[in-house]
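Please bear in mind throughout that the model is predicted.

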Amino acid sequence: MIPLAELRDHPERFREGARRKREEAPVDEILEVDAGARRLRSEVEAAQAERRRASAASRGAPSPEQRERLNSLRARIQEGEARLAELEARLQELLLYVPNPPHESVPDGDDERSNVTVRTWGEPPRFGFEPLPHHELGDRLGIFDFERAAKISGARFAVLRGEGARLQRALISWMLDVATREHGYTEVLPPYLVRPECMVGTANLPDKEGMAYQLRDDDLYLVPTAEVPVTNLYREEILDAARLPICHVAYTACFRREAGAAGKDTRGYVRLHQFDKVEMVRFVVPESSLDELETLTGHAEHLLRRLGLHHRVLLMCSGDMGFAQWKKYDVEVWAPGMRRWLEVSSCSAFGDFQARRANIRYRPAPGERPRFLHTLNGSGLAVPRVLDAILEARQREDGSVDVPEPLRPYMGGLERITP
RNA sequence: GGAGCGAUCGCCUAGCUGGUCGAGGGCGCCGCACUGGAAAUGCGGUAUACGGGGUCAACUCGUAUCGAGGGUUCGAAUCCCUCUCGCUCCGCCA
């Protein structure tokens, strides 16, 4: 949510922000509704002030004439209030559709072609043979079962078996341990079902309606990412500045309808309706927001370095970054079997955009007025694609796969998965 | 699923025989006094939103806000209705 007062004073900033993001923003309609609401509000307030005075003056025993006048005042006030409530509801609704303008360091561009590679780590692994894509490796190792997944749940679901399931579990545990032990995060294990206001708080609603699974009999959504429950942990709260930054890491399964992705990534363990992800969320003071984004991105990269996986960091251009983000980096890992980059983390700074929606504030110092804090989040990491990269990058000619060093303790010391 | 209780200012709480209640008390916090310094104590201050005025800062005026919405009334935190949320007990279940 963007501040109305700022939009009123500088509408061009938000028009420009939306233009850069290649999105629509109902700026003119907001200005119009706002102007009307303001006019009406002063009228209603004047009438209320009059009623208040008159009612107090005639306290206890209003004369018939006074009574009549007050009754007509009440009618006017009620009518005005009703119309005002409509206008304000409309205004609030419209404000939810104004995108967060990108930070000035965000490059302009239409789509992913304008993203900027800020750094690359490592080299693509070399093989003395033709490396296989992970789904073929997985078949040979017997760790994927897409056919039965489809039988029980449909397309874009996966069943992992044996060492595959174990490897996934190892990745989750290891990533949580690195985040908590080395990067200073506090682990939380949140609910997978959330109320609609949480989805609005993180801006997964109303703009991205249709992305999340909704329950039929209860007004709840299945979380599309841990970002939603974790960010909303402190909704409607005023936090002590001394507590900031608050850093949480959470593992959850994530559920996405992938409605707009028909035909995309249909092969392999890449794009699923349900997948595991470890997510980092930071609540910070506004001043440190963009530094925090670098820190957060660094944490995601660190995991890939430890796994020895070739990866790169992209600064998202304005047209490719999404409605709520202020600035965003994607971290992509190289999958040599498929010969393509896989997005395994998306690290975003939101400014106070989410904090306004979820009403998360902090008190800078005792006695001072509360301010909105800033939120950030980033994957650390999306598990399936990391697993893909591991399989593909660490495969041998005989179809076996070396378990990366850091994960071995989590696999009972297992060094290699063999067919 | 059944029964009951509750929702007030950062936190806890009073008010609920309708006006003097934006709202008392305590805690916390801020300032001052006292002190060598501190504790204790005393005094004062301490909500948010929107709008008007303003050297657009301090500040000041107005209006609203006692879970939400509606009703009764000249006037509602206080009375009535609906809803939401939370808690407790019973049932059920892992």
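**Notes on helix packing and overall build**

1. The axes of helix 7 (residues 162–181) and helix 12 (residues 383–393) approach to within 10 Å, and they cross at roughly 115°. Since angles of 65 to 115 degrees count as roughly perpendicular, helix 7 is therefore roughly perpendicular to helix 12. The crossing in which helix 7 passes helix 12 is right-handed.

2. On the side of helix 7, the residues that take part in this contact are Gly164, Leu167, Gln168, Leu171, Ile172 and Met175, and in helix 12 they meet Val383, Pro384, Val386, Leu387, Ile390 and Leu391. Sorted by class, the contact of helix 7 with helix 12 comprises 10 nonpolar and two polar residues, with no charged residues.

3. Helix 12 is also a partner of helix 5, whose buried residues pack against helix 12 as well as strand 14 (401–402) and strand 15 (416–417). In helix 5 (residues 134–141), the buried residues are His134, His135, Leu137, Gly138 and Leu141. Seen down the axis of helix 5, these buried residues fall within an arc of 160°, so they line one face of the helix. After helix 5 comes Gly142, which has a positive phi, near 70°.

4. As for the chain as a whole, chain A contains 12 helices and 15 strands, and its C-alpha atoms fill a box of roughly 100 × 45 × 40 Å along the principal axes. Of the 419 residues in chain A, 52% are buried. Among contacts in chain A with a separation of 6 or more, 73% are between residues 24 or more positions apart.

Notes:
Residues are numbered from 1 along each chain as its sequence is written. Chains are lettered from A and ligands numbered from 1 in the order in which they are written. This is a predicted model: local features need pLDDT of at least 70, side-chain atom pairs count only at pLDDT 80 or more; totals for chains, interfaces and linings use all residues. Side-chain values use heavy atoms; hydrogens and water are left out. Axes are lines fitted to C-alpha atoms, for helices over the stretch in contact, and angles run from 0 to 180 degrees between N-to-C directions. Helices (H or I, at least four residues) and strands (E, at least two) are DSSP runs, numbered from the N terminus. Angles under 35 degrees count as roughly parallel, over 145 as roughly antiparallel, 65 to 115 as roughly perpendicular and the rest as oblique. A crossing is left-handed if the near helix is turned anticlockwise from the far one by less than a right angle, and right-handed if clockwise. Contact means heavy atoms within 4.5 Å. Ala, Val, Leu, Ile, Met, Phe, Trp, Tyr, Cys and Pro count as nonpolar, Asp, Glu, Lys and Arg as charged, and the others, Gly among them, as polar. Buried means under 20% relative accessible area, exposed over 50%, partly exposed in between (1.4 Å probe, protein chains only). The arc is that of the directions from the helix axis to the C-beta atoms.
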